[in-house]
Amino acid sequence: LGKINKETIDTNAIGITEETKQSLKGYRNIALLGIDSRADDYGLGNRTDCIIIASINEETKDVKMFSVYRDTYLEVVEKNTKRLDKVTHAYSYGGAQNTLLALNTNLDLNIKEYVTINFDSLISAINAMDGVDIDIEKDELKYINDYIDALIQTSGVKSKHVTTTGVQRLDGVQAVAYARLRYMDTDYQRTERQRKVVELAFEKAKKADPKTLNDLLGNVLSMVATNLTWQDGLDVINDFGKYKLVDTQGFPFDKDDMTMGTKGFIVVPVNLESNVVKLHSYLFGDEGYEASAKVKAYSERISEDTGFYKDGDKVKRVKTSG
């Protein structure tokens, strides 16, 4: 227990309004934050390569997951100053607390709990479950072994090259390498791979015996940063067989992208307000949801800053998406 990297989150300073608390009662939303670091480094300066929200219906135990693309252009806070920036930078500016603030205020959510994982902790977790079965395609095979070599060097964990296409068992190093692939397509596809690895690990864990799950819990909690407790983990294990992952998606649903000066490549919600309405319909079945005044204001600022509007855009550009 002493090994757990605990970080206390000030739940009064992460953008959860009283209205949101009431409207999302019965739903537990947990942020899984994957950072591009190795060993025991979870601090400021790291960016979130992966942001996945697991939304749990506490009555039915249905789970829906969605990724927020790391380059999504949202309102974030840097040194107490609000600015439009890539959401991946929120962690660098203020850790998990700042990332939860960005997610809650931009998406009208109630996220109070998080787990930050890095390459080493994910490798260890997947190895503890004896790997995951993934279908490797020709284009992926071309690049995956470079990532495997880099991970072997930085993690010190033994592995081997993937030599054939098709469905095969990947160990922790190989699976993390797969989740990092993006050079043959785009970050949108990489995000799909990340969700696939998490989904396969989830399904594998559901079939595991109690001893394996307890070993996994001890192993994982000693290698992540989180505000969850050991008891929280035990409670999840006790109910794990009841959970059902019903769907995964990427956010924003409606998007475009552009290069914006020194900020570089950004993913633009088209527009934020309508995307948040769709998100609440997707996660919570709230067909008549109306975005908060804050989200509407952010949405207008993003549109003005980028030139992307819901009913068409005014920016002449060459599209890079798709």
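**Exercise 1.** How many positive and how many negative side chains does the protein have, and how far apart do the centres of the two sets lie?

*Solution.* This is a predicted model, in which local features need pLDDT of at least 70 and side-chain atom pairs count only at pLDDT 80 or more, while totals for chains, interfaces and linings use all residues. Residues are numbered from 1 along each chain as its sequence is written, and side-chain values use heavy atoms, with hydrogens and water left out. Count Lys and Arg as positive and Asp and Glu as negative, leaving out His and the chain ends, and place each charge at NZ of Lys, CZ of Arg, CG of Asp or CD of Glu. The protein then has 43 positive and 50 negative side chains, and the two centres lie 2 Å apart.

**Exercise 2.** Find what share of the 322 residues counts as buried.

*Solution.* Take buried as under 20% relative accessible area, with a 1.4 Å probe and protein chains only. By this cut-off, 51% of the 322 residues are buried.

**Exercise 3.** Describe the largest nonpolar core and the surroundings of Leu109.

*Solution.* A nonpolar core is a set of buried Ala, Val, Leu, Ile, Met, Phe, Trp, Tyr and Cys residues joined through side-chain atoms within 4.5 Å. The largest has 45 residues, and Phe66, Leu107, Leu109 and Leu272 have the most contacts inside it. Beyond its neighbours within four places in sequence, Leu109 is in contact (heavy atoms within 4.5 Å) with residues including Ile16, Phe66, Leu279 and Phe284. Another core, of 23 residues, lies apart from this one and includes Cys50 and Leu221.

Conventions: Buried < 20%, exposed > 50% of the residue type's maximum accessible area, 1.4 Å probe, protein only.
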